[in-house]
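Morning, everyone. I have one structure to walk through today. Here it is on the screen.

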Amino acid sequence: MYMCSRNLAISVALILVLLPLFNSLPHHSLAKRSTFFEIECKGVFNKSIFYRLDRICEDCYQLFREPEIHQGCKEKCFSTEFFTGCVEALLLQEEIDKFEKWREMLGK
Ligand SMILES: *[C@@H]1O[C@H](CO)[C@@H](O)[C@H](O)[C@H]1NC(C)=O
């Protein structure tokens with residue numbers, strides 16, 4: 001019994017460690033790059049900034065599980081009210097100035 005739960009704990013730990021690794025594989029960043037153009041960003045592609053804004057939309061989707069919100073959040077390079085709504089829902093209003101500055105860098 002003890003061994004069994006120990007193995008389970010190890011499996012869970014492994015999954016937790018491996019999942020982020022899969023997310024950071026190269027094909028993923030390629031996908032990100034094309035998304036940049038797909039959502040009509042016309043500015044400078046800054047991977048770290050793009051990732052941070054994209055992350056807000058992903059977290060928002062985790063919260064609401066609504067594909068429309070996910071889609072809307074990224075639309076027009078994160079400039080719709082969906083994005084603002086997600087920032088509020090995720091309690092990140094304090095950082096909205098920073099996000100808007102970033103959005104301008106990506107979007108123009
Ligand atoms: C991306 O933006 C960050 C924050 O403004 C900046 O520190 C970094 O140098 C930029 N990276 C590139 C490649 O422009």
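The protein chain has six helices and zero strands. Helices here are DSSP runs of H or I with at least four residues, strands are E runs of at least two, and numbering starts at the N terminus. This is a predicted model: local features need pLDDT of at least 70, side-chain atom pairs count only at pLDDT 80 or more, and totals for chains, interfaces and linings use all residues. Residues are numbered from 1 along each chain as its sequence is written, and side-chain values use heavy atoms, with hydrogens and water left out.

Of the 108 residues in the protein chain, 25% are buried. Buried means under 20% relative accessible area, exposed over 50%, partly exposed in between, with a 1.4 Å probe and protein chains only.

Now helix H6, residues 96–107. Which residues of H6 are buried? They are Ile 96, Phe 99, Trp 102, Arg 103 and Leu 106. Seen down the axis of H6, these fall within an arc of 120 degrees, so they line one face of the helix. That arc is taken from the directions from the helix axis to the C-beta atoms. In general, an α-helix has 3.6 residues a turn, so residues three or four places apart point the same way. The face of H6 turned away from the buried side carries exposed Asp 97 and Lys 101.

Last, a contact, meaning heavy atoms within 4.5 Å. H4 brings Glu 68, Ile 69, Gly 72, Cys 73 and Phe 78. H5 brings Phe 82, Phe 83 and Cys 86.

Methods. The expected span of a helix is 1.5 Å times one less than its number of residues.
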